[in-house]
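Me: I would like to learn how to read the pocket, the surface and the charged pairs of a model. Could we take them in turn?

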Amino acid sequence: LQFKSVVLEDITFAFTSRTNGTTVSTHVGRFDGEDIEISISPNKICAGKIYLENSVTSVLYTVRRDTVEAVTTAEQGSLFATDFGSGFDFEIGSIEFKDNNLSLHRDSVINTPKFNPNHIELQGISLDLAEVRIDSVSLDATLHSLSAQLPGFRILQGEAEIQMTPDLISL
């Protein structure tokens, strides 16, 4: 599939996994994509430019006791899934986010006044990424700017060269 331009505005959707109960809800304020190509042989998504503005994503997941025990007793595997388990390779020229919110909550939704890794709430996320390349063994990108508000602190101007393998993150 090839798309010269894709524009989505004011779309809301939700998903709940039947296998692990994870719930994801998203409201897309505005999404613009240019020069998008989606292939299933091989599994690959390419885009010249992606823009996302005024979107809100909430994720609620639970950690079951049997899941924790399975992880701690499993053989040592890779630390990171560079393709986030998607099975797709990605090549994106530039990604820009403007004023987006993301929350990740474990077991319950609680607003915390200080940073809590079980209840992460990023607000006002703005970022500019370039040369994003993701596959099953690596992730590379250039972060030109990042700003966001978290409980207890704020990121004003983050920049980095990002490289990730299943066993290493380098910033």
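Me: By class, which residues make up the lining of the largest pocket?

Reply: The lining has 27 nonpolar, five polar and one charged residues, where Ala, Val, Leu, Ile, Met, Phe, Trp, Tyr, Cys and Pro count as nonpolar, Asp, Glu, Lys and Arg as charged, and the others, Gly among them, as polar. This is a predicted model, in which local features need pLDDT of at least 70 and side-chain atom pairs count only at pLDDT 80 or more, while totals for chains, interfaces and linings use all residues. Residues are numbered from 1 along each chain as its sequence is written, and side-chain values use heavy atoms, with hydrogens and water left out.

Me: How much space lies in the largest pocket, and which residues are the closest to its centre?

Reply: A pocket is an open set of points, on a 1 Å grid over the protein atoms alone, where a 1.4 Å probe fits, with protein on both sides within 12 Å along at least five of seven lines; lining residues have an atom within 4 Å of a point. Here the largest pocket holds about 1,700 Å³, a volume being the space filled by probe spheres set on the points, which are joined across faces, edges and corners. Of its 33 lining residues, F84, I95, F97, L129 and I134 are the closest to the centre.

Me: Which strand gives the most to that lining?

Reply: Strands are DSSP runs of E with at least two residues, numbered from the N terminus. In this model β5 gives the most, with seven residues.

Me: Which residues make the nonpolar surface patch?

Reply: Such a patch joins nonpolar side chains (Val, Leu, Ile, Met, Phe, Trp, Tyr) within 5 Å, taken from residues with over 30% relative accessible area and no salt bridge. L1, F3 and I38 make one of about 280 Å², the areas coming from the Shrake-Rupley method with a 1.4 Å probe.

Me: How many salt bridges are there in the whole structure?

Reply: Side chains of opposite charge can pair when their charged atoms come close. The criterion is a side-chain nitrogen of Lys or Arg within 4 Å of a carboxyl oxygen of Asp or Glu, and the search finds five salt bridges. In one of them, E91 pairs with K44, the closest N and O atoms being 3.0 Å apart; E91 in β5 and K44 in β3 are 47 residues apart, a link between distant parts of the chain.

How values were computed:
Helix = DSSP H or I, 4+ residues; strand = E, 2+ residues; numbered from the N terminus. Patch = residues over 30% accessible without salt bridge, like charges linked within 9 Å, V, L, I, M, F, W, Y side chains within 5 Å.
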